[in-house]
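Visitor: I would like to go through this model with you. May we have it on display before we start?

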Amino acid sequence: MKVIKPCCYISRAEIESKAVNVLTRVQAKLTRSLKWPIDAGFIAEHLGLDMDCGYIPPDEQGAIAAMIMPTESRIVINENSLKLAKGFEASSIAHEIGHWELHINQNAVAQVKKLQNRGLETSIEPFLCRSLSSKQGIEWQAQYFSGCLLMPQFKLQEECRGRNLTNWKHLYAMKDEFGVTISNLTTRLQSLGMIYIPENSKQIYPGDVAPGLQK
């Protein structure tokens, strides 16, 4: 039985909507308001996902950042990922939540669990995430979801008030408030057309295009 949905196009607006829906569902279970930086592990647990950390060896295709065991409803973060920049762990967990929400057929997972409870053997491969930098396909979708979950538009707009988005000092302060990496933040702001940073440059321009340049 397949628990992974076929790869298909999902618009940015739909991904954003699904991320906000997750925040809304979790908020509905709480007696207090969600606070930023968002604790991605806390969100995962409220979605019924267990968290684990351990060594995940690389395979012939390279390093593996994290994985989901769908029928165990468990996210495993590679302990090597924890040695990376602060904020990477939150991004990794939010990325896995993205796969859970966008790419895993949770009805099929429930059916597999029923079969397993009846003693029938089923073999479901873990969902591996090799790189958070992938710019295509389901990895891009999960990473975009991660940015939407940790930095939803309504919260970004609130935090941007009074800030100079072309000033790195202001951006570094914001990335600490959101608990993400500076790369996560600048990618998110660029995807929303709020800033533009030319490739291999540290110059930040307001809006989605640099003066004199066409995207």
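Visitor: What percentage of the 215 residues of the protein count as buried?

Guide: Of the 215 residues, 43% count as buried. Buried means under 20% relative accessible area, exposed over 50%, and partly exposed in between, with a 1.4 Å probe and protein chains only. This is a predicted model, in which local features need pLDDT of at least 70 and side-chain atom pairs count only at pLDDT 80 or more, while totals for chains, interfaces and linings use all residues. Residues are numbered from 1 along each chain as its sequence is written, and side-chain values use heavy atoms, with hydrogens and water left out.

Visitor: How many helices and strands does the protein have?

Guide: There are eight helices and six strands, in the order α-α-β-β-β-α-α-β-α-α-α-α-β-β from the N terminus. Helices (H or I, at least four residues) and strands (E, at least two) are DSSP runs, numbered from the N terminus.

Visitor: Which residues touch the most other members of the largest nonpolar core?

Guide: They are Ile43, Ile97, Leu149, Leu171 and Leu185, in a core of 48 residues. Helix H3 (residues 88-102) supplies the largest share of this core, six residues. A nonpolar core is a set of buried Ala, Val, Leu, Ile, Met, Phe, Trp, Tyr and Cys residues joined through side-chain atoms within 4.5 Å.

Visitor: And what does leucine 149 touch?

Guide: Leaving aside residues up to four places away in sequence, Leu149 touches Ala19, Val22, Leu23, Ile38, Ile43, Ala94 and Ile97. Contact means heavy atoms within 4.5 Å.

Visitor: Turning to glutamate 159, is it buried or exposed?

Guide: Glu159 counts as buried, because its relative accessibility is 18%. Glu159 lies in helix H6 (residues 153-160) and touches Met174, Glu177 and Phe178, not counting residues up to four places away in sequence.

Visitor: At what angle do the axes of H7 and H8 cross?

Guide: The axes of H7 (residues 168-178) and H8 (residues 182-191) cross at roughly 110° and come within 9 Å. Axes are lines fitted to C-alpha atoms, for helices over the stretch in contact, and angles run from 0 to 180 degrees between N-to-C directions. H7 and H8 are therefore roughly perpendicular to each other, a term that covers 65 to 115 degrees.

Visitor: Which residues make that contact?

Guide: H7 contributes Trp168, Leu171, Tyr172, Met174 and Lys175, and H8 contributes Ile182, Leu185, Thr186 and Leu189.

Technical notes: Angles under 35 degrees count as roughly parallel, over 145 as roughly antiparallel, 65 to 115 as roughly perpendicular and the rest as oblique.
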